[in-house]
Amino acid sequence: MAEEKEKSDLQIGSTKRWEGLSLLSRAGAFLAILFMLLIVGLILLEILVRSLFGSSTQVASEYSGYFMVGLVLCGFALTFKDGAFIRINLLLSRLSPPAARACKIVAALLCLGITLYALVYCVEMVWESYSLDMRADTMAETPLLDPPAHAPHRAVSPGSRTHTLHSAEDLAIISDPLILSVVLMAVMFGLLLLGMWIGFALFATGIAGMLLYKINLPPVLSIYDKIGDLLANSIWNSMNSWSLTALPLFVLMGEILFRTAISTRLLNGLAPWLTRIPGRLYHINVVACSCSPRCPAPAPPPQPPWGR
């Protein structure tokens, strides 16, 4: 009886922990929705200001990029919880359950290591920008979270870290770019077959490429610091994009059209007119997209997904 009660208590504690993580993921999803609404509101404000006053807010593109970063980061937890991250199960589906579970554990540990490594340098990047009081060269003069490429890199004193290198040649074992390409392709496919999520596999392949190839670095700069800086900057710059704000807005527009049945009604209304034309569905889609409302905006909006 005591053992059964202890097992029951452990299961209850585990359930409560998972419920806490699920609550955090839902809170992150709520914040992601809030950031999406902020992007929509800012773009609508830019459209109104340009249409009515012939002017601009001057901050729409900048702050939409910042909100895009918040949207992506806050939505990661729920995306991971729902299993929406893409992984290749070509090999895992053919392994026995224990072997597949072992591969998934190894892949998860590698992903966790890359995440923690990137997190450390992202925090250092933010602190460096704050300590140098870097600001955007825009009207808002927003404090920058990422130092520009010409910012002074951290200098590693000879006694501060044991892994300080005078150059990357101490670690590099490949100098031929062709051989490096073949090796990196093998590494990438190996990680993908192992069950690692595609994004993390690409990160790991890039890190392996910088470790294997000969790179000339300043005498006081560690190869690990260089990789960490590039990783942090690439993560920030890939998410902080005015152009990428079209993606969540495109999905939002598709949801609105789908839930309100506007697309269905438009397609049903156009179908009788194009019945006798060969390739009817294709032409209906083209005409429906041509009938979509256009409004002045900083950039032409994408055509709505009528064919959903």
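Leaving aside residues up to four places away in sequence, V287 touches L270 and L274. This contact, like everything below, is read from a predicted model. V287 belongs to helix α9, which covers residues 280-290. The relative accessible area of V287 is 29%, so V287 is partly exposed, since that class lies between the 20% limit for buried and the 50% limit for exposed. L270 is 17 residues from V287 along the chain, and the C-alpha atoms of the two are separated by 8.0 Å.

The contact between V287 and L270 is part of a helix pair. L266, L267 and L270 of α8 meet I284, V287 and A288 of α9. Helix α8 spans residues 262-270, and its axis comes within 10 Å of that of α9, with a crossing angle of roughly 120 degrees. α8 is therefore oblique to α9. The crossing of α8 past α9 is right-handed.

## Helix α4

Helix α4 runs over residues 177-194, 18 residues in total. At 1.5 Å a residue it should span 26 Å, and the 25 Å between its end C-alpha atoms agrees with that. Which residues of α4 are buried? They are L180, L184, M188, L191 and L192. Viewed down the axis of α4, the buried residues fall within an arc of 100 degrees, so they line one face of the helix.

On the other side of α4, L178, V182 and A186 are exposed. The cover over the buried residues of α4 includes α3 (97-131) and α5 (198-212). After α4 comes G195, which has a positive phi, near 105 degrees.

## How α4 packs on α5

The axes of α4 and α5 come within 9 Å of each other and cross at roughly 150 degrees. The two helices are therefore roughly antiparallel, because an angle over 145 degrees is counted that way. α4 passes α5 in a right-handed crossing.

On the α4 side, the contact is made by L180, V183, L184, V187, M188, L191 and L192. On the α5 side, the contributing residues are I198, A201, L202, A204, T205, A208, G209 and L212.

Is I39 buried or exposed? Its relative accessibility is 1%, so I39 counts as buried, because the limit for that class is 20%. I39 lies in helix α1, which covers residues 2-53.

Not counting residues up to four places away in sequence, I39 touches S64, F67, M68, L71, T245 and L249.

## The chain as a whole

The secondary structure of the protein chain comes to nine helices and zero strands. Read from the N terminus, the order of elements is α-α-α-α-α-α-α-α-α.

The protein chain has 308 residues, of which 32% count as buried. Considering contacts between residues at least 6 apart in sequence, 67% join residues at least 24 apart.

Methods: Residues are numbered from 1 along each chain as its sequence is written. This is a predicted model: local features need pLDDT of at least 70, side-chain atom pairs count only at pLDDT 80 or more; totals for chains, interfaces and linings use all residues. Side-chain values use heavy atoms; hydrogens and water are left out. Helices (H or I, at least four residues) and strands (E, at least two) are DSSP runs, numbered from the N terminus. The expected span of a helix is 1.5 Å times one less than its number of residues. Buried means under 20% relative accessible area, exposed over 50%, partly exposed in between (1.4 Å probe, protein chains only). The arc is that of the directions from the helix axis to the C-beta atoms. Contact means heavy atoms within 4.5 Å. Axes are lines fitted to C-alpha atoms, for helices over the stretch in contact, and angles run from 0 to 180 degrees between N-to-C directions. Angles under 35 degrees count as roughly parallel, over 145 as roughly antiparallel, 65 to 115 as roughly perpendicular and the rest as oblique. A crossing is left-handed if the near helix is turned anticlockwise from the far one by less than a right angle, and right-handed if clockwise.
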